[in-house]
Amino acid sequence: MSERENIELKAADADPAASERACRALGAADGGLLVQRDTYFGVDRGLLKLREDVGAGTAELIFYLRAHEDGARASSYWRAPASDPAAWRELLSAAHGVSGVVSKRRRLFLHRNVRIHLDDVEGLGCFVELESVLAVPGDESQDEARALAEAIAALGLAGRETIAGGYLELSRR
């Protein structure tokens, strides 16, 4: 398990059908529908969550360090498979307490190094999220930057109001 880094951008999505059409017009590969439940645990720094792909029956632990600011922001993260999610949830709940649970239906599209998430988040609404995975942490290449810029333009996100933080923070407002 090693540190990875990405650039993230998230905005409300008033027209998910139009966003899906824009992804297809961009030529992004359809990664299918994911039904996810993220259980967040109370840690002193960063965010620690157990992400369960309810449909596939798989899970992973993800730890994030990221700024809570508008616009595109850098995020460092670590991921590890969790073969027994119920046991991990129980253990981490006992050790740290649960700070929140977010359930969503995520339509995934892939455009080169950019993951495009069209999310329908229970209790919050619809969002579009871009994650540009960096090949070398701390060093965004021109190709990676170009792919992100193409996705931003195709989805009409340039100049739009973006969301600082994640779904957990939004659910607390």
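Which residues lie nearest the centre of the largest pocket? I looked this up first, in what is a predicted model. Arg-51, Glu-60, Ile-62, Arg-79 and Arg-115 lie nearest the centre, out of 18 lining residues.

**Largest pocket**

I noted a volume of about 340 Å³ for the largest pocket. I then sorted its lining by element. Strand 4 (58-66) gives the most, with 5 residues. At least two residues each come from strand 1, strand 2, strand 3, strand 4, strand 5 (73-81), strand 7 and strand 8. By class I have 8 charged, 6 nonpolar and 4 polar residues in this lining.

**Second largest pocket**

The second largest pocket comes to about 190 Å³. I listed its lining: Asp-13, Pro-16, Glu-20, Leu-33, Arg-105, Arg-107, Leu-118, Asp-119, Asp-120, Cys-126 and Phe-127. Helix 1, strand 6, strand 7 and strand 8 are the elements that give two or more residues to it. Strand 7 has the largest share, 3 residues. I find 6 charged and 5 nonpolar residues in the lining of this second pocket, and no polar ones.

**Cavity**

The structure holds 1 cavity of 30 Å³ or more, and about 120 Å³ of space lies in the largest cavity. Of its 15 lining residues, Lys-49, Arg-51, Tyr-64, Arg-66 and Glu-129 are the closest to its centre. I see Arg-51 again here: it is listed among the residues closest to the cavity centre and among those nearest the centre of the largest pocket.

Which strand supplies the largest share of the cavity lining? Strand 3 (47-53) does, with 3 residues. Strand 1, strand 2 (29-41), strand 3, strand 4, strand 6 and strand 8 each supply at least two. The class count for the cavity lining is 10 charged, 4 nonpolar and 1 polar.

**Helix 3**

I checked the length of helix 3, residues 142-154. At 1.5 Å a residue its 13 residues should span 18 Å, and the end C-alpha atoms are 18 Å apart, which agrees.

Which residues of helix 3 are buried? I have Glu-144, Ala-147, Leu-148, Ala-151 and Ile-152. Seen down the helix axis, the buried residues of helix 3 fall within an arc of 135 degrees, so they line one face. On the face of helix 3 turned away from the buried side I find the exposed residues Gln-142, Asp-143 and Ala-153.

I also looked at what covers the buried residues of helix 3. The cover includes strand 1 (4-12), helix 1 (16-26), strand 6 (98-111), strand 7 (114-121) and strand 8 (125-133). Just after helix 3, I noted a positive phi of about 65 degrees at Gly-156.

**Arg-89**

My last entry is on Arg-89, found in helix 2 (residues 85-96). Is Arg-89 buried or partly exposed? Its relative accessibility is 26%, so I count Arg-89 as partly exposed. Leaving out residues up to four places away in sequence, Arg-89 touches Arg-37, Thr-39, Phe-41, Leu-50 and Glu-52. I also took the C-alpha separation of Arg-89 and Asp-120, which are 31 residues apart along the chain, and got 23 Å. Asp-120 is one of the residues that line the second largest pocket.

Note on methods. Residues numbered from 1 in each chain as written. Predicted model: local features only at pLDDT ≥ 70, side-chain atom pairs only at ≥ 80, totals over all residues. Heavy atoms only, no water. Helix = DSSP H or I, 4+ residues; strand = E, 2+ residues; numbered from the N terminus. Expected span 1.5 Å × (residues − 1). Buried < 20%, exposed > 50% of the residue type's maximum accessible area, 1.4 Å probe, protein only. Arc of directions from axis to C-beta. Contact = heavy atoms within 4.5 Å. 1 Å grid on protein atoms, 1.4 Å probe; cavity = no way out; pocket = protein on both sides within 12 Å on 5 of 7 lines; lining within 4 Å. Points joined across faces, edges and corners; volume = space filled by probe spheres on them. Nonpolar A, V, L, I, M, F, W, Y, C, P; charged D, E, K, R; others polar.
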